[in-house]
Amino acid sequence: MSVALCLSILGIAASAKDTLNYLVLGDSIAQGFGIKNPDEASYGAIVADTNHYNYKNRGVMGRDSEYLYKYLTTDEGYQEDIKWADIISVSIGGNDFLLDHAALLIAQGIIFNDYSKFDKIGETFYENFSKCMDQIHSLNPDAVILVQTLYTSWRFDFAKRPYKQAAKRINDAIEKYCAEKSENIYIVETGEAFENHSELISSDTIHPSAAGNVVLARLVLEKLHEIGLGEATEPVVATPGIDRDYLVEYFGSPWGQIIIFLANLATGNFNFVFKF
């Protein structure tokens, strides 16, 4: 009995040790902002459920690369989570463009077809992103980092073109860093999967819907399978996501519904235009 008990304890310990720790960092996409139940149905939660990882999510609405670096260098809890993780998914870059520049630069791109000012955003992002990734490597040299590219599901070219120009600067910066420092860092390409698929984004035209989170989970799982850190490529959705109408929550009805209608009309996402 003593031998059997010891073997049982050793088996449990080995099993616990083999369970990988999965951390999601970054912005509102990482957070799962487009759904009402992100703790159960964001793409990070789906990946963790599918591959039976231990899971933490540190995504925060509005976080850009500058603030990500700040937390990576000053927040001890954040740093401990980095050290804890075996795998780290990072979604960052959209807010570097959207928070301070979007309306003016989109208008400038639409009216004048001038995207020269986007270059500075890309250069600043590259500097901040490089510092973030270097800091993660410094805190945990063995962690595998998966970095998502930016996507757009907008259908109307006049609205999509400026955003894709901005996203290209962010994605180019991500690719540049990963080419220069390729050890333990991988790109999860999202553009093709989301292109012209407005059903994959929420009514605010930005964040992944419940269906979009499943697609993101699939893309991450495929990359993990490719590098030998998971066997499954098809997401296991333990709890279905519930789509969120954030603009209605924020502005109330009917103003939120009107804004949703106009935003989706402008971007060509007719599934939400007809819904409201």
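Colleague: How many aromatic pairs does the structure hold?
Modeller: This is a predicted model, where local features need pLDDT of at least 70, side-chain atom pairs count only at pLDDT 80 or more, and totals for chains, interfaces and linings use all residues. Residues are numbered from 1 along each chain as its sequence is written, and side-chain values use heavy atoms, without hydrogens and water. Rings of Phe, Tyr and Trp (its six-membered ring) pair if their centres lie within 6.5 Å; planes under 30 degrees apart are stacked, over 60 edge-to-face, the rest tilted. The number of aromatic pairs is 12.

Colleague: Why is the pair of Phe 33 and Tyr 246 classed as it is?
Modeller: The ring centres of Phe 33 and Tyr 246 lie 4.8 Å apart. Phe 33 is in the loop between α2 (28-31) and α3 (38-41), and Tyr 246 is in helix α12 (residues 246-251), 213 residues apart. The planes stand at 65 degrees, so the pair is edge-to-face.

Colleague: Is Phe 33 buried or exposed?
Modeller: Buried means under 20% relative accessible area, exposed over 50%, partly exposed in between (1.4 Å probe, protein chains only). Phe 33 has 9% relative accessibility, so Phe 33 is buried.

Colleague: Which ring does the charged end of Arg 63 sit over?
Modeller: A charge sits over a ring if NZ of Lys or CZ of Arg is within 6 Å of the ring centre and within 35 degrees of the ring normal. For Arg 63 the distance to the centre is 3.9 Å. The ring belongs to Tyr 71.

Colleague: What is the order of the strands in the open sheet?
Modeller: Helices (H or I, at least four residues) and strands (E, at least two) are DSSP runs, numbered from the N terminus. Two strands pair if DSSP finds at least two bridges between them. Five strands take part, and the pairing is parallel. The order is β2-β1-β3-β4-β5.

Colleague: Which strands stand at the edges?
Modeller: Each edge strand has a single partner, so one side of each lacks a neighbour in the sheet. These strands are β2 (54-59) and β5.

Colleague: Which residue in β4 does Ile 88 stand opposite?
Modeller: Strand β3 (residues 87-91) runs parallel to β4, joined by four bridges. In β5, Ile 185 is the bridge partner of the residue in question. That residue is Ile 145.

Colleague: How many disulfides does a search of the whole structure find?
Modeller: A disulfide is a pair of cysteine sulfur atoms within 2.5 Å. Cys 132 is buried at 1% relative accessibility, and Cys 178 is buried at 8%. The number of disulfides is zero.
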